[in-house]
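User: Could you take a close look at one residue for me? Then please connect it to other places, and finish with the wider picture.

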Amino acid sequence: MSDVVLCFDRIWKKFRRGEQKHDSLRDLIPAVAKKLFKLRRPEELRDQEFWAIKDVSFQVERGEALGIIGPNGAGKSTALKLLSGILTPDRGKISVSGRLSALIEVGAGFHPDLTGRENIYLNGAILGMKRKEMDRKLDDIVAFSELSEFLDTPVKRYSSGMYARLGFSVAAHVDPDILLVDEVLSVGDWAFQRKCLEKMEAFVKKGVTIIFISHNLQAVVNLCSRALLLQKGTVVESGPTGQIVRRYLSEAASPTRGDVRDRTIWIECVTVVDEEGKEADFFTAGDKVSVIINVRSNVKEDGLAVTLDFLDENNRSVFNTSSERLGYGVFAAAPGDSKFFRYDIILHLVEGSFFLKVEVKNYRVERSFDVLFPAASIFVHSDKGIKGTANLYPVFKEEAAPLQAGNQELRRT
Amino acid sequence: MKDMFLEVIQFRHLLYMLAWRDIKIRYKQTIMGFLWAIFMPALIVLSGLIVRKAMSVLSGKPIEMSELVSVMVKALPWAFFIGTIRFATNSLVGNRSLVTKIYFPREVFPLSAVLANLFDFAISFLALVVAFVVFRVEVTVYALWFLPLMMLLVMMTAGFGIILSCANLFYRDVKYIVEVIVTFAIFFTPVFYEAKAFGKWETLLMLNPVGTILESMSLAIVHHRSPDPLWLSYASLWAFGGFFLSWYLFHRSEHLFAENI
C-alpha cells in the first residue's frame, strides 16, 4: 500500500443557481421564519440548487501528478477549492496530509498601489511563507519573473502579462508538499509559459504531489501520469492520461457551426477513418487516415471548394489545405445534392491532440457557406516521442566512413 | 476552540503583512501622510471644544482645563474605535478575491484592521503626549490605568469588528447600519460630556460598554482615581465575552464565506 497524501472520499457539493434569496437583513427575517417551520435536511436540494460535485472520489499518492480535465463547468475548480479548504463539502470527507499550496489565481492578493517588491512579500505571506523565507527567496523570485527593473514600480503600472508573471514567480517559490494548479499557464508570453511548465516538471521530479487543471491538454499529457475526466460534477473516467485525454476529446467534440445564415449548402458530417476504413480518433504519427466529408445542398451553386484545417491545442493552425489548391478544382452543387469527399492524408504530426476544421465555400466570391469546428478531434501519439510543431522523421546513426564528395558542404571542418 | 487560535497564531505573519499593507496604502499617494492619523482625533477634539463652550455659555460657568483634557483623552480611543469598526466591517468583502481564491484563517482580515488602526492610534497618542507636555497637564500614577483600559477597548473593538465583518459578508446592509450608528454614536457615548452630567440617567449611559471604558480613562487621567470595580468588570465582560463569542461565531460560519461573499 503506497502513501496516500490526498483523499477525496465521496464528495458532494451543491451550489445555488441564480440570485441569492436574501442578501440583506430585511429579507432575512421572513426567510428565518420560513426555515423554522419547514426544517430540511442539508442533503436535499432546494429549488434552484444543483450538485456542482456529485459523489466524486479519488486518491493521490505522494509524488504523483494527477491531471483533472473536463469541459467548462464540470466542477474542476470547485474540486480544487474543496481540496484547499476554501469550500467545504456538503457530504463526504477530504483528508490532506502535508503543506498544501494552491495556485488558483496568481496575483490574487496583489494590491495595485504597492510596488512589485512589496507585493512579493505580501503575496508570499498570503501563500503561507515566513518573512525570513521570503528574504532568502527574493532574489530567485525576481530572477524568475525577469522584472528586476520594475521591482519598485507600483503594480498598477504593470501590464497584465507582467502582473501574471510576478504572481506565478512568487507562487512557484513556495515549497509545498502538495501543489494545486488551476489553469495558471494561460498567462504570459510563450517563453514564460515554457518556463512555468519547466518549473512544474521540476516540482514533479522533486517529488511534489501535483493536482493540475488545464485546458492545455498537451501540458497535462506531459506533466501527469494519471488523469481524471470530470463532467457535470461526476467522474466519467480515471486512468492513464493518454487514455483519459482521448476519451475527453471524443466526448467534448460537440462541434459549433460557423455563421450559417441559411441552410443552403452545409456540411452534414465529417468522419476520420483509419486505413481499414474504421472510425477512429487515436493514431500514431505516420498513420494514413482519411477524412470523409459529406456536403449537402439546397441550392444551385458553382465554384465550391472544401477546406481542411488541423489546429493544435493552442488553436494554432498546423496544416491547411483546400480542394481547390490541391488541383481538384471547384465543384458545382444542385438542390438536393449530397456529395461525399475524401481527403487522404498521412499524419506527419507530433504528439498531441488536434482539432479538424472543415469549411465549404465559394472560392470565386469568397463566400463561406458552412464551417464545422471542431469537425473531429484526434489524438496523435508519437512512438519516438517527437514533440514540437513539425515531425521531420529523424533518423540518427553513426557514419562508418567519411561522407561522399557530393555532400562535402555538409561537413564541418 | 483551541485549534482556531493556533491557526491564527500560525498565520500571524500574514496578519502583520495585511496590517502593514493597510497602513502603507493609507499613507501612499496622500498629501497629508502621517498627519492623517492625527486629523480625525483632532477634529473630534475640536468639535468637543465647541460643544463644551456651548455648554459653558448655557450654564454660565467657565470651561475648566480638566474638562478640555478629558475631551482630549476620550477623543483618541473613540477615533480608534469608530475607525476600526468602519474598516473591519468591510474587511472581508473588500478582500473578496483573497477570500474566494486562497485558504487561510479569515480572522486575519478584521484583526489586521484592528492592528492598522492601532498604528494610527499610536501616532495620535504621541501627539497627545506632546500636547500634555505643552499644556503642562498634571499626570499621576493613576494614568497607568490607561493601558489596561485601552487593552480592554482593543479587545472589545476586535470583537465587534470580527462579528460585523462576518455579518456584512452575508448581509450587505450591515455596512450602512454600522455607518449610521457610528456617526450618531458620539451622542450617546460620553465623549464630549461626562456621564454624570445626566444625573440619575448616568447608569443608562454607562451601559454602553465603550462609554464605560472612556469614562474610566478620563477618571484615571483627569481625576486621578481608579475606575469603579463594578463598571470595570462590566466592561471586561463585554470585552472578553464579546471577543470570544464573536470569534466563535465567525469561525463557525467561516466555511460559508467563499460561496456567499
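Analyst: Start with A:Tyr393, which is found in the segment after strand 19 (367-381) of chain A. Helices here are DSSP runs of H or I with at least four residues, strands are runs of E with at least two, and both are numbered from the N terminus. This is a predicted model, where local features need pLDDT of at least 70, side-chain atom pairs count only at pLDDT 80 or more, and totals for chains, interfaces and linings use all residues. Residues are numbered from 1 along each chain as its sequence is written, chains are lettered from A and ligands numbered from 1 in the order in which they are written, and side-chain values use heavy atoms, with hydrogens and water left out.

What is the phi of A:Tyr393? Its value is near 45 degrees, which is positive in a residue other than glycine. Most residues other than glycine have a negative phi. A:Tyr393 has a relative accessible area of 36%, so it is partly exposed. Buried means under 20% relative accessible area, exposed means over 50%, and partly exposed lies in between (1.4 Å probe, protein chains only).

Find B:His224 in the loop between helix 10 (209-222) and helix 11 (229-253) of chain B. B:His224 is partly exposed, with a relative accessible area of 23%.

A:Thr307 sits in strand 14 (residues 301-311). With 6% relative accessibility, A:Thr307 is buried. Which residues touch it, leaving aside neighbours within four places in sequence? A:Thr307 is in contact (heavy atoms within 4.5 Å) with A:Thr321, A:Ser322, A:Tyr343, A:Lys357, A:Val358, A:Glu359 and A:Lys361.

A:Arg165 belongs to helix 5 (residues 160-172) of chain A. A:Arg165 is buried at 15% relative accessibility. Leaving aside neighbours within four places in sequence, its contacts are A:Ser145, A:Glu146, A:Leu147, A:Asp189 and A:Phe192. From A:Arg165 to A:Glu398 is 233 residues in sequence and 44 Å in space, C-alpha to C-alpha.

Next, see where the chains meet. The contact draws 36 residues from chain A and 30 residues from chain B. Together the two chains bury about 2,800 Å², with 61% of it on carbon and sulfur atoms. Buried area is the accessible area (1.4 Å probe) that two parts lose on being put together, summed over both. On the chain B side, B:His13, B:Lys101 and B:Tyr171 lose the most area to chain A, together 22% of what that side buries.

Last, look at chain B as a whole. It has 12 helices and 0 strands. Its radius of gyration is 19 Å, close to the 18 Å that the globule rule gives for 261 residues, so chain B is as compact as a globular protein of that length. That radius is taken over C-alpha atoms, and the rule is 2.2 Å times the number of residues to the power 0.38. The C-alpha trace of chain B spans about 60 × 45 × 35 Å along its principal axes. Of the 261 residues in chain B, 52% are buried. Among contacts in chain B with a separation of 6 or more, 81% join residues 24 or more positions apart.
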